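Work through the following exercises with the sequence and the model side by side. Each task is followed by a solution that goes step by step.

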Amino acid sequence: LLGIVLLVAQQVVGDGAQTLYGINDSVLRQTRAPQQALARVNAGIRVVGLVAMLLGAGAAALVGELVGARAALLGAAAWLAAGVVVAWWSGLGRVR
């Protein structure tokens, strides 16, 4: 029963956070990019994201093979935490 409750709670929190991220991402791009270049900016962001995902999957496989799954997951969590700290201190939240 606890497992079901935790899975449902993760979906509610995770999906809500993903929705907020998507809205903020779109609004930030629409307000910062010139109207005539918005389609190119959106396409560029999508291409960069997909290439980063491809490279990340390959790097994850390589790191997982070299250091093991547990160490790779701990390293990924540390990189994620470092990214949050960098974004927080970069002033990104104060962009208008």
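**Exercise 1.** Of the 96 residues of the chain, what percentage count as buried?

*Solution.* This is a predicted model, in which local features need pLDDT of at least 70 and side-chain atom pairs count only at pLDDT 80 or more, while totals for chains, interfaces and linings use all residues. Residues are numbered from 1 along each chain as its sequence is written, and side-chain values use heavy atoms, with hydrogens and water left out. Buried means under 20% relative accessible area, exposed over 50%, and partly exposed in between, with a 1.4 Å probe and protein chains only. By that rule, 6% of the 96 residues of the chain count as buried.

**Exercise 2.** Describe the secondary structure of the chain and how spread out the chain is.

*Solution.* Helices (H or I, at least four residues) and strands (E, at least two) are DSSP runs, numbered from the N terminus. The chain has three helices and zero strands, and its pattern along the sequence reads α-α-α. The radius of gyration, taken over C-alpha atoms and compared with a globule rule of 2.2 Å times the number of residues to the power 0.38, is 17 Å for the chain, well over the 12 Å that the rule gives for 96 residues, so the chain is more spread out than a compact globule. Along its principal axes, the C-alpha trace spans about 45 × 35 × 25 Å.

**Exercise 3.** How do helix 2 and helix 3 pack, and which residues meet?

*Solution.* Axes are lines fitted to C-alpha atoms, for helices over the stretch in contact, and angles run from 0 to 180 degrees between N-to-C directions. Helix 2 (residues 38-67) and helix 3 (residues 69-89) pack at an angle of about 130°, their axes being 7 Å apart. Angles under 35 degrees count as roughly parallel, over 145 as roughly antiparallel, 65 to 115 as roughly perpendicular and the rest as oblique, and the two helices are therefore oblique to each other. With contact meaning heavy atoms within 4.5 Å, V63, G64 and V67 in helix 2 meet A69, A71 and A72 in helix 3.
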